[in-house]
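The following note collects points on a structure under review. Please read the numbered paragraphs beside the sequence and the coordinates.

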Amino acid sequence: MAVQSPSLDDPRVLVDTPAAIVDAIPPYAPRSEREAEFYALGDGQMLLNIGPHHPATHGVLRIVLKIEGERIVDLDPVLGYLHRGVEKLAENADYHHSIAYTDPLEYVSSLFNELAPVMAFERLLDLRVPRRAEYLRVLSCELLRVSSHILFMGFMALDMGGLTPILYSFIERDEMVDMLAALTGQRMLFNYMRIGGVNGDLNHEFLSRLGDWMSRAGRQAEAISTLLNENEIFVKRTRGLGAISRGQALNLGLTGPNLRACGVPFDVRRAHPYSVYPELDFDVVTADEGDTYARYLVRVEEIKQSIRIIDQVLHEMPDGPVMARIPRRITPPPGRAWAAIESPRGQYGCYAMSDGTDQPYRFRIHDPSFVNLQALVPILPGCLIADTMAVNASLDPIMGGVDK
Amino acid sequence: MLAGPVRQRHDQTEIRIAAGDVVDVLRTLHDDPAFRFEVLADVAGVDMGDSMQVVYHLWSETTPDWLRVIAVDLSRDDPRVPSATFLWKGAEWMEREAYDMFGIIFEGNRDLRRIYMPPDYTSFPLRKDFFLADDAARSPGQGVRHMEQVHPPADSEAPIRRARGR
């Protein structure tokens, strides 16, 4: 005789499985000390699940909040929804091939994802890159940094309910990707950095678009900052929120604008110069407050510095080849190399090990968003639920990079 | 205290230490006013084929080089190394990742659970005896292996890839 399944009309079925509890509490024994502590609820506390599909989580991030009324007591970010195993794939592909895998990691600033592994491979090979290629790398990267920061401004406002700035952001972003498409041949996943140089030289379409853009560079960013910088709602919701001290930021391993907003002038372009950055003149922007508003202002200021860099690069670009002469099949001698660059989100690193074959033995990507996102756990407790979005937006994580 | 030669190449200096010395070495590098390695740039696990390693990259304003500290010769069956979270709380997730991918146990990390893979997952994907399901490059004609099969079958013709050279 078939077992009678419980009827959905039976009120006990719903009582036995209250949806909120079942969704949030994992159906297995706690795996670590911290997990046991987090999922043990105190008096008057409840769990609130945000995500993984939520417009304000910059990808697919799930955050379990432990709340008491409107106040956050603790939280547990859950990652892995975008994990593609790029490191494993790269270990099974050859050196040229693995660069293409890194493109979709941090999809807002793909060129930086390519640059770090390419630099690591060049160090394995003891390869010198032509100077014109170095200038082209800096030029394209700084353009993308401007685009990424402008997009950040729009998304930050959007996460807090302001719809207008994101429209201005995308005008600029569209212009940028079209410009870079003229240079690289692709709109988003450029695959422009190659071992030994770059894929293509400057061309007429790119230069004319760039010339147009330079004549009004920063005007779009200016328009957005006019909307936000002294906007009463924006400032009240961000100033003093989620403040991080200098020591705490170093302890948490923050890098990029998030660290510089806490008063630490750590910028890999200056702290550990690479490419042609030692010859270029720009300032490392810092702020002292370390709060959400400071993190926003540091990025706005960095847009201006990037435009300064682009201007210098265009004036000083030397002639010459854009690719070193390298064989198609690359077999670096056994060794280890580490390369770190300053991406819009912080220190982006790549650690490569060669065993003498044409495939990397170990290929490790260190993404700044991954480390920066950790800061949510110590800084959010005490804030309101709605502040989760503002603080998360100000840390500017891209989940494609976090989940690899 | 060093477990191997100090190497310098490009802008990187490399030192090798035993797993037991990690706490002392990192604490000295971080606290000693002569070193001041304040930024922990990366924590990575490495499977050498017959042993495991944990690789730390550090930055200090006192030197133009990146410092690479390698904790060598972790047993492959039970890799254990002290956690760096007592100095950098930010190491917590990077250690969780190394645990998730290699099964390296970081003693002292309060939150050592899987970070990317689902909780009921049993393998460590970045280990060298974990083969891709359709690994045409490494084993042509070997057919499709089951994703979670950790050890290759006894008659497998595809040996584990081991680190050669250094």
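1. The area buried between chain A and chain B is about 5200 Å², and carbon and sulfur atoms give 51% of it. Buried area here is the accessible area (1.4 Å probe) that two parts lose on being put together, summed over both. The contact draws on 53 residues from chain A and 60 residues from chain B, contact meaning heavy atoms within 4.5 Å.

2. This is a predicted model, in which local features need pLDDT of at least 70 and side-chain atom pairs count only at pLDDT 80 or more, while totals for chains, interfaces and linings use all residues. Residues are numbered from 1 along each chain as its sequence is written, chains are lettered from A and ligands numbered from 1 in the order in which they are written, and side-chain values use heavy atoms, with hydrogens and water left out.

3. Across the interface of chain A and chain B there are 10 salt bridges, each a side-chain nitrogen of Lys or Arg within 4 Å of a carboxyl oxygen of Asp or Glu. One of them joins Asp76(A) to Arg113(B), at 2.9 Å from N to O. By class, the side of chain A that touches chain B has 22 nonpolar, 13 polar and 18 charged residues; Asp, Glu, Lys and Arg count as charged, Ala, Val, Leu, Ile, Met, Phe, Trp, Tyr, Cys and Pro as nonpolar, and the others, Gly among them, as polar.

4. Over all chains, the structure holds 49 salt bridges. Glu106(A) pairs with Arg345(A), their closest N and O atoms being 3.1 Å apart. Helices (H or I, at least four residues) and strands (E, at least two) are DSSP runs, numbered from the N terminus. Both Glu106(A) and Arg345(A) are buried, that is, under 20% relative accessible area, with exposed over 50% and partly exposed in between (1.4 Å probe, protein chains only).

5. A salt bridge also forms between Arg137(A) and Glu122(A), with the closest N and O atoms 2.8 Å apart. Arg137(A) is in helix α7 (residues 131-159) and Glu122(A) in helix α6 of chain A, 15 residues apart. Arg137(A) is buried at 2% relative accessibility, and Glu122(A) is buried at 5%.

6. In chain B, Asp129(B) and Arg76(B) meet in a salt bridge of 3.6 Å, N to O. Asp129(B) is buried, with a relative accessible area of 2%, and Arg76(B) counts as buried at 15%.
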